[in-house]
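Work through the exercises below with the sequence and the model side by side. Try each task before reading its solution.

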Amino acid sequence: MRIAVLGGGNGSFAAAGDFALAGHDTRLWRRDKPAVEAHRAAGSTITIKDFAGKHEAKLALVTNDIAQAVRDAELIVCPAPAHAQPDIAKALAPHLKDGQVVFLPPGTFGSMLFAQAMQAAGKKAKVAFAETGTLPWLTRKHGPFEAAVTVRAKRLPTGVFPLALKSHALAVIGQAFPNVIEDCGDALSGALMNAGGIIHPPLITMNAGPLEHFDRWDIHKEGTQPSIRRVTDALDAERIAVREALGYGAPHFPLADHYAKEGDEWMYGRGSHDKLTDSGDWREHIVLTQHRYMLEDTRMGLSFLASVGELAGVPTPLARAFLAIGGAVVGEDFMVTGRTLKGMGLGGHDKAGLQRLLRDGFGG
């Protein structure tokens, strides 16, 4: 299968490397022209390091020309952070063609944003936009062309916009992620599976002292203590309550399953938290005013949850508390600068109107 991967971060390198190793015709696009030239000079390969050793993956193309990257691609995967999505969506939109599938792992309702960009570009192509609840790899780059993969996802609940194209989208994505993709309905359901806004805001906010005191701190090891876990579970309960109020059924993939030794497997499967902390890759320097855990997961992830909660008539006091604290740290009103239904131009929809849009798309 021909796959285009958009972005130059941890997730994009893990994606491109894994897809190439699986035999897919894989193209990597990133905006940084000098980085692209350096990558080409180094042979257009990515080294994937995992429990089985090191593997050299040869890419079909490394480019900063997005039209070239996505030409004839059946699947376009964009694991970039949510705050990078608007620019990428605008750059991608004019080049989309009938039958293509755009997959955001995860999305923060970016699937709608990408669809809106295509509509704004005047494109009438029949394209499916999908998103899931987490990055399919626990990964960190260990060099300019090397990614260490600690864990690969075992279950990826995925929603599609418009819902009418779901069967096609899941079939295409499933070729890249065999036996991993699970149908969770429409794109809003997929967006409300996003774990980043649940796990990271409590961890960085409640560990703010050590994060600013120590040069490197592991929020998942020393930073994950019983009191913080109780807060995380309560925040996750707000997410699940919003899902239920909108009519989305189980499984809701509660974050507690990520830490559990028995019961339902979470997205990364059993024992993934221990593998993550044992790797040492998450003992890192985090600048609270700049890191994506604040600017993506708190500012965008929780503002989105709070705004959908408002539509659903579900209080989200913890989400709003972390938004207020994070906004104070950064010096912004996250409900203004974040990602809300109103900010996406969807504030005029009631539940029924939004569900019609999710089902039928803009032409419905």
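**Exercise 1. Find the element that holds Gly-17, and decide whether Gly-17 is buried or exposed.**

Step 1. Gly-17 sits in helix H1. Helices (H or I, at least four residues) and strands (E, at least two) are DSSP runs, numbered from the N terminus.

Step 2. The relative accessibility of Gly-17 is 0%, so Gly-17 counts as buried. Buried means under 20% relative accessible area, exposed over 50%, partly exposed in between (1.4 Å probe, protein chains only).

Step 3. Look for its partners. Leaving out neighbours within four places in sequence, Gly-17 is in contact with Ile-46, Ile-48 and Ala-57. Contact means heavy atoms within 4.5 Å.

Step 4. Glu-56 is 39 residues from Gly-17 along the chain, and their C-alpha atoms are separated by 8.0 Å.

A note on the model: it is predicted, so local features need pLDDT of at least 70 and side-chain atom pairs count only at pLDDT 80 or more, while totals for chains, interfaces and linings use all residues. Residues are numbered from 1 along each chain as its sequence is written, and side-chain values use heavy atoms, with hydrogens and water left out.

**Exercise 2. Describe how H13 and H14 pack.**

Step 1. Two numbers are needed: packed helices are described by the angle between their axes and the distance between the axes.

Step 2. Helix H13 spans residues 292-312, and helix H14 spans residues 317-330. Their angle is about 145 degrees, and their axes are 9 Å apart. Axes are lines fitted to C-alpha atoms, for helices over the stretch in contact, and angles run from 0 to 180 degrees between N-to-C directions.

Step 3. List the residues that meet. H13 brings residues including Met-294, Leu-295, Leu-302 and Leu-305. H14 brings residues including Ala-319, Phe-322, Leu-323 and Val-329.

Step 4. Sort this contact by class: ten residues are nonpolar, three polar and three charged. Ala, Val, Leu, Ile, Met, Phe, Trp, Tyr, Cys and Pro count as nonpolar, Asp, Glu, Lys and Arg as charged, and the others, Gly among them, as polar.

**Exercise 3. How many cavities of 30 Å³ or more does a search of the whole structure find, and which residues line the largest?**

Step 1. The search finds two. On a 1 Å grid over the protein atoms alone, a cavity is a set of points where a 1.4 Å probe fits but cannot get out, and a pocket is an open set with protein on both sides within 12 Å along at least five of seven lines; lining residues have an atom within 4 Å of a point.

Step 2. The largest cavity has a volume of about 100 Å³. Grid points are joined across faces, edges and corners, and a volume is the space filled by probe spheres set on the points.

Step 3. Its lining is Thr-108, Ala-191, Leu-192, Asn-194, Gly-197, Ile-198, Arg-239, Gly-301, Leu-302, Phe-304 and Leu-305. H13 gives the most, with four residues.

Step 4. Turn to the second largest cavity, at about 40 Å³. Phe-253, Trp-266 and Met-267 are among its lining residues. By class, this lining has eight nonpolar, one polar and two charged residues.

**Exercise 4. Which residues lie closest to the centre of the largest pocket?**

Step 1. The largest pocket holds about 840 Å³ of space.

Step 2. Of its 43 lining residues, Asn-10, Leu-135, Arg-140, Arg-292 and Glu-296 are the closest to the centre.

Step 3. Helix H1 (10-21), strand E9 (137-143), helix H8 (196-205) and H13 each give two or more residues.

Step 4. The lining has 19 nonpolar, 16 polar and eight charged residues.
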